[in-house]
Amino acid sequence: MQVIISGRGVMLTPGFKALIERKVTKVARVLPKILDARVVCAAEKFRRTARFTLRARRRTFSSEATAGDLVAAVDDALEALGRQVREDKDRRQHRGRAGQARLPSRPPTGPDAGAGPDLVPRRLVAKPMSVEEAVMQLGLRDGQFLVFRNAETSDVNVLYRRRNGGLGLIEPVA
């Protein structure tokens with residue numbers, strides 16, 4: 001990675017340039033695909049401004065900070081730059097995971113291809129009972145639902161447990 005440091009209205013010592021290079025290198029550890037970094041330090045009256053531009057393979061990051069001291073301006077600008085780089089890296093990582101979750105699963109191959117999901121048929125006798133009896137029966141069981149024949153209407157009904165702890169009743173409509 002190439003680091004270009006320039007000053008406008010301010011003399012930059014070799015020690016200060018080395019300090020900036022070390023700090024930029026820390027940011028480059030988070031995103032190793034940084035091609036080059038440009039740093040412009042400027043002095044205007046009582047303000048010191050540091051402007052950073054990082055050029056990566058797919059994106060350019062930039063930040064700018066102004067403070068009374070040039071070291072403080074560099075620290076603030078690098079903090080903002082580091083945050084941008086971390087957010088971009090996190091965004092790319094999460095986008096990859098989300099994209100994988102949306103991909104359709106691999107289609108089945110072999111003799112069962114196109115048969116659909118596994119379906120396990122189960123036969124049961126729908127006993128005639130009232131809704132109150134069905135509620136009591138479901139309370140005695142560990143199951144999530146109970147299929148029964150409603151004694152009043154002679155229709156098949158399903159009584160089930162709701163997520164909030166309540167019960168639901170499905171009645172067919174003709």
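Analyst: Two strands pair if DSSP finds at least two bridges between them, and the strands themselves are DSSP runs (E, at least two residues), numbered from the N terminus, as are helices (H or I, at least four residues). This is a predicted model, in which local features need pLDDT of at least 70 and side-chain atom pairs count only at pLDDT 80 or more, while totals for chains, interfaces and linings use all residues. Residues are numbered from 1 along each chain as its sequence is written, and side-chain values use heavy atoms, with hydrogens and water left out.

User: What makes E2 and E3 a pair?

Analyst: Strand E2 (residues 34-44) and strand E3 (residues 47-56) share ten bridges in the antiparallel sense, and at least two are required, so they pair. Two residues separate the strands in a hairpin, where Lys45 in the turn has a positive phi of about 45 degrees.

User: How do you know that E3 also pairs with E4?

Analyst: Eight antiparallel bridges join E3 to strand E4 (residues 60-67); the requirement is at least two, so this is a pair as well. Arg51 has Glu64 in E4 as its bridge partner, and three residues lie between the strands of this hairpin.

User: Why are E5 and E8 called edge strands?

Analyst: In the open sheet, the order is E5-E6-E7-E8, with mixed pairing. Strands E5 (128-129) and E8 (167-170) each pair on one side only. E5 meets strand E6 (residues 145-150) over two parallel bridges, which is enough because at least two are needed.

User: What makes a set of residues a nonpolar core, and which ones touch the most other members of the largest?

Analyst: Such a core holds buried Ala, Val, Leu, Ile, Met, Phe, Trp, Tyr and Cys residues joined through side-chain atoms within 4.5 Å. Buried means under 20% relative accessible area, exposed over 50%, and partly exposed in between (1.4 Å probe, protein chains only). The largest core has 26 residues, and Ile20, Phe52 and Leu54 touch the most other members. Helix H1 (14-30), E2, E3, E4 and helix H2 (70-102) each give two or more residues to this core, with the largest share, seven residues, coming from H2.

User: How do you know that Ile20 is in contact with residues beyond its sequence neighbours?

Analyst: Contact means heavy atoms within 4.5 Å. Leaving aside neighbours within four places in sequence, Ile20 contacts Ile5, Val39, Cys41, Phe52 and Val74. Apart from this core lies another of six residues, including Met129, Ala134, Leu146 and Phe148.
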